[in-house]
Amino acid sequence: MAADAKSFSRWQDWVVGVVGLYAVLSPIWTEHGPGTTATLVVFGVLLVLAALWSLAQPGAVSSEYVHTALGVLLFISPWVFGYTAFAGASWTSWVVGVIAAGLGLWAVPESTEVHRAAVGH
């Protein structure tokens, strides 16, 4: 990615936003139990907001780490919140978590390059 990156152009951030939206909407079509819906909706909304932040400010390196942290937290949430018995909700958490964490880490070098160019390092 070029150091003069334009806002709303990094594909990794768009994908994180889409999978975050998927997590928000997934309780509609997946079996869920107590706490499952809230967990998926909250983490999904946070992923969408973090993706919008990254898209609006391509040099905000910390936003990519937020994707990664939210992805890891979403990945472990079936065990932490006890909903591993609900396969659809668990798999949603695991898959969306891996995608968000992986793409967050993938975008760090590009975001760092944009940031360095912007501040003149």
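This is a predicted model: local features need pLDDT of at least 70, side-chain atom pairs count only at pLDDT 80 or more; totals for chains, interfaces and linings use all residues.
Colleague: With the side chain of which residue does the side chain of Glu64 make a polar contact?

Modeller: Residues are numbered from 1 along each chain as its sequence is written, and side-chain values use heavy atoms, with hydrogens and water left out. A polar contact is a pair of N or O atoms within 3.5 Å; within protein, one must be able to donate a hydrogen and the other to accept it, and residues adjacent in sequence count only if both atoms are side-chain atoms. At 3.4 Å, the side chain of Glu64 makes such a contact with the side chain of Ser54.

Colleague: Is Glu64 buried or exposed?

Modeller: Glu64 lies in helix H3, where helices (H or I, at least four residues) are DSSP runs numbered from the N terminus. A residue is buried under 20% relative accessible area, exposed over 50%, and partly exposed in between (1.4 Å probe, protein chains only). Because the relative accessibility of Glu64 is 0%, Glu64 counts as buried.

Colleague: At which residue does H3 bend?

Modeller: Helix H3 covers residues 61-80 and reaches 28 Å from its first C-alpha to its last, close to the 28 Å expected at 1.5 Å a residue; the expected span is 1.5 Å times one less than the number of residues. A bend is the angle between axes fitted to the seven residues ending at a residue and the seven starting there. In H3 this angle is about 25 degrees, and Pro78 follows within four residues of the bend, which lies at Leu74.

Colleague: Why is the pair of Trp91 and Trp94 edge-to-face?

Modeller: Rings of Phe, Tyr and Trp (its six-membered ring) pair if their centres lie within 6.5 Å; planes under 30 degrees apart count as stacked, over 60 as edge-to-face and the rest as tilted. The structure holds five aromatic pairs. In the pair of Trp91 and Trp94, the centres are 5.2 Å apart, and the pair is edge-to-face because the planes stand at 85 degrees.

Colleague: What separates Trp91 and Trp94 along helix H4?

Modeller: Trp91 is exposed, with a relative accessible area of 54%, whereas Trp94 counts as buried at 16%. Because they are three residues apart in helix H4 (residues 87-119), the separation is about one helical turn.

Colleague: The backbone oxygen of which residue does the side chain of Thr92 reach?

Modeller: Thr92 has its place in helix H4 and counts as buried at 6% relative accessibility. Not counting residues up to four places away in sequence, Thr92 touches (heavy atoms within 4.5 Å) Tyr22, Ala23, Ser26, Thr30, Leu40 and Gly97. At 2.8 Å, its side chain reaches the backbone oxygen of Gly88.

Methods: Helices (H or I, at least four residues) and strands (E, at least two) are DSSP runs, numbered from the N terminus.
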